[in-house]
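Biologist: I am new to this model. Take me through the terms used for it, please.

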Amino acid sequence: MACFVVPAAEAVVTTVVSKVMESKESAQETIHTEENSVTTAETGRIPFSRKLKWLNNLLWGGSALLAFEHVWHGEIVPWLPFLSAANNPADMIEVLHEMSTAGVAMALVVTAVWGCMVGVTNLLEKKMEESASPVSSDK
């Protein structure tokens, strides 16, 4: 009924964090550019704010699909209290149970998948840096 609320709440938080990090990274890149140092574009590394946007896209997309599915089955209605189960206070226990079990589980799985994506990306970036650096010989 309301399992999509937990990933949507996580998406709100990560969106705010992503915007803050993006502004900090752009400020740091401006400072580094003025100092003539290497920027992230030159190193081939993906900024963390962009990786966090991947998580945002996964969470927002999943939440939107789940909300649509709940509307389709009549569990969400366009009038107050919006959740059809919320009409009866006794049914709210079921709603809270679904949010704490299915909603939290979905948010954790999506975040874990994103973590794996970031891990693989970091490994690939590290490999690219190692292959781009000149090979030193001990002779």
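Modeller: The largest nonpolar core has 8 residues: Met-1, Ala-2, Phe-4, Ala-67, Ile-76, Leu-83, Ala-85 and Val-95. This is a predicted model, so local features need pLDDT of at least 70 and side-chain atom pairs count only at pLDDT 80 or more, while totals for chains, interfaces and linings use all residues. Residues are numbered from 1 along each chain as its sequence is written, and side-chain values use heavy atoms, with hydrogens and water left out.

Biologist: What makes a set of residues a nonpolar core?

Modeller: The members are buried Ala, Val, Leu, Ile, Met, Phe, Trp, Tyr and Cys residues, joined through side-chain atoms within 4.5 Å. Buried means under 20% relative accessible area; exposed is over 50%, and partly exposed lies in between (1.4 Å probe, protein chains only). Another core, of 6 residues, lies apart from the largest one and includes Ala-11, Leu-55, Leu-59 and Val-118.

Biologist: Which residues is Leu-83 in contact with, leaving aside its neighbours within four places in sequence?

Modeller: Met-1, Ala-2, Glu-75, Ile-76 and Val-95. Contact means heavy atoms within 4.5 Å.

Biologist: Why do Phe-48 and Trp-114 form an edge-to-face pair?

Modeller: Rings of Phe, Tyr and Trp (its six-membered ring) pair if their centres lie within 6.5 Å; planes under 30 degrees apart are stacked, over 60 edge-to-face, and the rest tilted. Phe-48 and Trp-114 are 6.1 Å apart, centre to centre, with 65 degrees between the planes. So the rings pair, and the pair is edge-to-face. Phe-48 is in helix α3 (residues 48–72) and Trp-114 in helix α4 (residues 92–132), 66 residues apart. Helices here are DSSP runs (H or I, at least four residues), numbered from the N terminus.

Biologist: Why does Trp-114 count as buried?

Modeller: Its relative accessibility is 11%, under the 20% limit, so Trp-114 is buried. Phe-48 has 35%, between the limits, and is therefore partly exposed.

Biologist: What makes the pair of Phe-68 and Trp-72 tilted?

Modeller: The centres are 5.8 Å apart, with 45 degrees between the planes. Phe-68 and Trp-72 are 4 residues apart in helix α3, so about one helical turn separates them. Both residues are exposed.

Biologist: How do you know that Lys-53 and Glu-22 form a salt bridge?

Modeller: A salt bridge needs a side-chain nitrogen of Lys or Arg within 4 Å of a carboxyl oxygen of Asp or Glu. The closest N and O atoms of Lys-53 and Glu-22 are 2.8 Å apart, so the pair qualifies. Lys-53 lies in helix α3 and Glu-22 in helix α1 (residues 5–34), so the bridge ties together parts 31 residues apart in sequence. Lys-53 is partly exposed, at 32%, and Glu-22 is partly exposed, at 31%.

Biologist: How many salt bridges does the structure hold?

Modeller: There are 4. In one of them, Arg-45 meets Glu-129, with the closest N and O atoms 3.2 Å apart. Arg-45 sits in the loop between α2 (40–43) and α3, and Glu-129 in helix α4, 84 residues apart.

Methods:
Helix = DSSP H or I, 4+ residues; strand = E, 2+ residues; numbered from the N terminus.
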